[in-house]
Amino acid sequence: MSCKHFKNSPQKYYKIISFATFVGLLYACSTTKKVPDGEYLLTQNNFEFEDKKQFFDEELKDYVQQKPNKKQLLFMPLSLLLYNAANPKYDTILNEYMTYPSEMRNQKLRDSLFIKYNMQSSVGKSLFMDRLYHNWGTPPVILDQTRTEKSAQSIEKRMTYRGFWDSEVKFAHKLDSANKKASVQYSIKHNSPTIIKEYYYNIPDPGIRGLFQQRINESLVRSGRLLDQTFLEKEIVRINDWMRENGYYRFNAGNDEVGFIADTLRSRKEVPLVLEIHKDSIDRPYKRATFGNIDVAIVDRNRDFPRRTVKDSLRRVRFHKVNDNYKSAALWRAVIVDNKAVYDQKKLDLTKRNFLAMNNFSILKARDSLRQGGGTSPNDSIVDVLYVLKPLDKYLLKGGTDLNYSQFLNWGISPSGDLTTRNIFGGAENLTTSLAGTFGSIRNPKNLDKRILAYEYSAQASLSFPRLLLPFNYYKLIPKRYTPTSSIVLGASVQNNIGLGRTNFNTGLNYFANVNDQVSHRLTLFNTLFSLTKNKDSYYDFFVSDNAIRETVFSDYFNYNPTAQQELQAGILTRDQVSEQIIKDLGYVATLDAKKADDLLSFLGTLTNKDRQTQDVLISSMVYNFVYNEIGKKDYPNAFYFNGKVELSGNIPSLFNQKRNDGGGILRSPERTIFGIPYAQFVKFDFDIRKYFKFNGDQTLVLRQFIGLGIPYGNSSTMPFVRSYFNGGANDIRAWVAFGGLGPGGSQIDERVRTYLMGNIKLTTNIEYRVPFTDMYQGAIFTDIGNVWNTENNGFDDQFKFNKFIREMGIGSGFGLRVNVAYITLRVDLAYKIYDPNKTDGERWRFNDIKPLKPTLNIAFGYPF
C-alpha cells in the first residue's frame, strides 16, 4: 500500500485500523472475564516429539481430555466471547434456567429464580440478550491439572496400542497469573517399537482355513511389521467380511471366534503372534449356509403383512402385495439374493441398496434369520430373508432458490421447481419434470457504465427406469448387483446474456451401472442437442470491440476498393460478403504494411468468433463416462479420483443428410445439414485426474490434472462452440476470469479478439494446499497452470506443439478462505497472474506487475475440485 493511497483515503483506513484495534482489545480483555481468581483459562495444548514422529501422531491430540474453547470468528473463540457478554451476575440463574424443559421457560420461571437467589430487583426482567449470549455461548475451559495427568496416561496407552510399548509422555503447565491464562506442554517420546517376529495361524476348521488361505496375501498382519492393534482390528474385519460373503452366516457375531495371541514372555520388542479362528468349542464345526425363502412385502403399514396381502411369486422370490400397483418383475430386478444360493452378506446389502435406489420405497423391515427351529439340522444352515417395503408418496414437489456468482453474471438468483411422479407404468418408473431459471444483470457492451438483464430459463423432463431399456436379457452381461438403470431426457432452454441469446433443445437415452462404491459407468445413446442462435445480425452491436476492428479494416479496404463500399451501401453486398471478399482478396493483402497486417489478423479472429458464436448446430453423439471415485470413503484417506469421458458425434446424422446450398459460413466450408441445421462431427476425450494427500490431521494437498482433446472431422472444420475449451473461472485457472484473455497458446493478437477465441486441446494442472483453522474456517494456497490450443494453426499462433507448449502454459497463484456452514461451503479465492504466455517474451513473468490489493476475485460455493 503506498503512502499516497493512504493520504487520499485517511478516513477509510482509520476506520479499518480502529475496528481491528477494537476487536484485538475485545479478544485480549474479555476471554478471561469469567475466569475465577486463582484459576486459569486453558488457551493451548502443545505437543513436542523428542524423537522421530510417527504416522499416527496427529491422532494423539484426540486423547487429551481438556481442549481450549473452539475458535470461530477471525480465529477467535466467538462462543466464549458470547458467553462472557452475558451479565455475570445472572450466570447461576441462567444455568439453572436452561435445565428446565423449553415449554416451561417463561417469565414466571425467571421471576421465581430471581426470588430464589434473592434478586427481587430483577423481577420482571426478560434478560433476552443475556439469555441469547448464554445459550449461544460456551463457558471458559478452566485448567484442571488432574485431567492433564490423565490425558498423558491416555496418550501413553494409545501409543502402546499402536505398537510403542515403551513410550514416555511427560507434561508441564505454563501458567500466566497476571492474565489468568495457561497452556499445557506434552513431551512425547516413542522409543523403539514392538515388532511381530513370527506370524502363525491356528484354524482347525478346514473350510474356514481354506478360505483364509485363498486371500492370505491380502492380510494386513505379517512378520516384521509393527504390532499395531489397529491393524489387528482391521484384519479381523477383513476376515469377518470374507467369511460372511462365502456362506458363513453371522460369522464371529459375538466377536469371540477370531482373535490374536501375542507371546510377550521372552521379549517386548520382537513378539510371536498367533491368529486363532474357532468357536468356543473347537470340536464344533462351522457350517456353510444357503438362502431359503425370499419374501418381499409391499404394504402401507407393518401390520398389513401378512394378513392383508396377496401372494405372488417370480423366479424363486415370493411377493406379498396389498394391491397391484407394482409389477412383480420390477421388484424382482432389485433382489440380488437367490433361493438355495450360498449365503452372502454383501448380496443382502446390495438388495437393500437397490430398493432404496428405486426412489419408490422406504424400508420398514429388512430381516435375515435362520429358519424357525434353526438349532437343529438342516434348519441350522438355511437363512430366510424378508423385506417389508412401504411405497413413498405418489407425488413429490420440491422448490428452491440458489444465489450464485460469476464473473459474467455477477450476483444472480436461480429459482427452480421439481415435480416427481413415481411409478408411472407400474414398474417403479419415475417422471421428474423441472422448471428452472437464472436471472441477473451484466455490463452493457454498448455502455459499460450500465447493466442489462441477463437470464436463462429451462424446462426438462426425465423418465427413469430401474432397468436397462434393451430388447434382450442383459443380466449375464450386466449383473443385477450393478444396479443398472436407464433414463430418457427431454429438455429445452432459452438463454439471453449479451443480446445474442440461444435456444437449445436436448434429448438423450442414458444407461447407468454402479459396479461398486468406487466404480460407475454411464453410456448415453442419441445424446442430441439443437443449439440455435438468436439475433445473429446483431453480433457487432453487442461485441463492440470486434466491431471497432471491423470498421478499421472496412475503412482501409474501401480506400483500396471503393466499389465494394458502393455495393454495400446499395445493398448488393452484405457485411458478411464484404468480410469474405476482404480475406480472399490477395491483391489487397499484398499492399498491407505490418500494422495493417496485424489489423487484418485481428479481423480474421473476429470472424472466427462470429462464426462459432452465431452458428446453429446439431450435435448428436454417443458418450461413454467411466468414474473411479475414492473421495469421501473412510477406507481411502488419501483418495484418488478419475473421470474419463469419450464423446463421438455426427456418425448417425451423416447417414441422413443433404448438401447445404449457401456454402457454409464465412470461414466454414460447405456443410451437410439435418432439418436445415449443420450437424457436428467430432471425437472428444476428457480426463479429470485427482489425488488427495492427508497429513498432520486435516491438512490436505490436492493435485489435479485435466486433459481435454477434441478432434473435428467430416462435416466439421472446428469444434462446436458448446464443446470447445476455454480458460479461467473459479474452478479452473483462477488468476484469469472466464474468457479473461489467457490463450489460445502463445497468441499475440489483439486481446479484445483473443479473449473469445477457444481451443480443442486443454491442459490444466492445479495444486492446492488446504489448512483448517477451525471447524468453520479453512485456508488454502494454490497454483494453477494451463492453457488451450488448437490442433491446427488458424493463423493466430495457437497450434499445440510438443516443443513449445510448456512455455505457453499460463501460471496463476493465490490464496483463499473456505467457510463451512452446515452443508454449504462458501469459497473466496484471491489469485494473481505469475506467468502470462500471451505477453511478449520479456514481459511474460509478472512478478513486478503484481498488485497485492488488486487480485482476481473468485467467489463460489463448494470446493473447486
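In this predicted model, 3 strands form an open sheet in which the pairing is mixed and the order runs S1-S3-S2. Strand S1 (41-49) and strand S2 (168-176) stand at the edges with a single partner strand each, so one side of each has no neighbour in the sheet. Neighbouring strands are turned by 20 degrees against each other on average, direction ignored. S1 pairs with strand S3 (residues 181-189) in the parallel sense over 8 bridges, and Ser183 in S3 is the bridge partner of Gln44. Helix H7 (residues 145-161) packs on this sheet, touching S1, S2 and S3, and its direction makes about 155 degrees with that of S2.

Turning to charged side chains, the structure holds 39 salt bridges. One of them joins Lys584 and Glu580 at 2.8 Å, N to O, within helix H15 (residues 575-584), where the two residues lie 4 residues apart, about one turn of the helix. Lys584 counts as exposed because its relative accessibility is 55%, whereas Glu580, at 27%, counts as partly exposed.

Asp732 and Lys762 form another salt bridge, with the closest N and O atoms 3.1 Å apart; this pair links distant parts of the chain, since Asp732 lies in the loop between strand S25 (699-712) and helix H18 (751-754), and Lys762 lies in strand S26 (residues 761-772), 30 residues apart. Asp732 counts as buried at 9% relative accessibility, and Lys762 counts as buried at 6%.

In a further salt bridge, the closest N and O atoms of Arg818 and Asp829 are 2.6 Å apart. Arg818 belongs to strand S28 (residues 810-821) and Asp829 to strand S29 (residues 824-835), so the pair ties together parts that are 11 residues apart in sequence. Arg818 is buried at 0% relative accessibility, and Asp829 is buried with a relative accessible area of 0%. Arg818 and Asp829 also belong to a network of salt bridges whose members include Arg734, Glu768 and Arg770.

Definitions and conventions
Residues are numbered from 1 along each chain as its sequence is written. This is a predicted model: local features need pLDDT of at least 70, side-chain atom pairs count only at pLDDT 80 or more; totals for chains, interfaces and linings use all residues. Side-chain values use heavy atoms; hydrogens and water are left out. Two strands pair if DSSP finds at least two bridges between them. Axes are lines fitted to C-alpha atoms, for helices over the stretch in contact, and angles run from 0 to 180 degrees between N-to-C directions. Contact means heavy atoms within 4.5 Å. A salt bridge is a side-chain nitrogen of Lys or Arg within 4 Å of a carboxyl oxygen of Asp or Glu. Buried means under 20% relative accessible area, exposed over 50%, partly exposed in between (1.4 Å probe, protein chains only).
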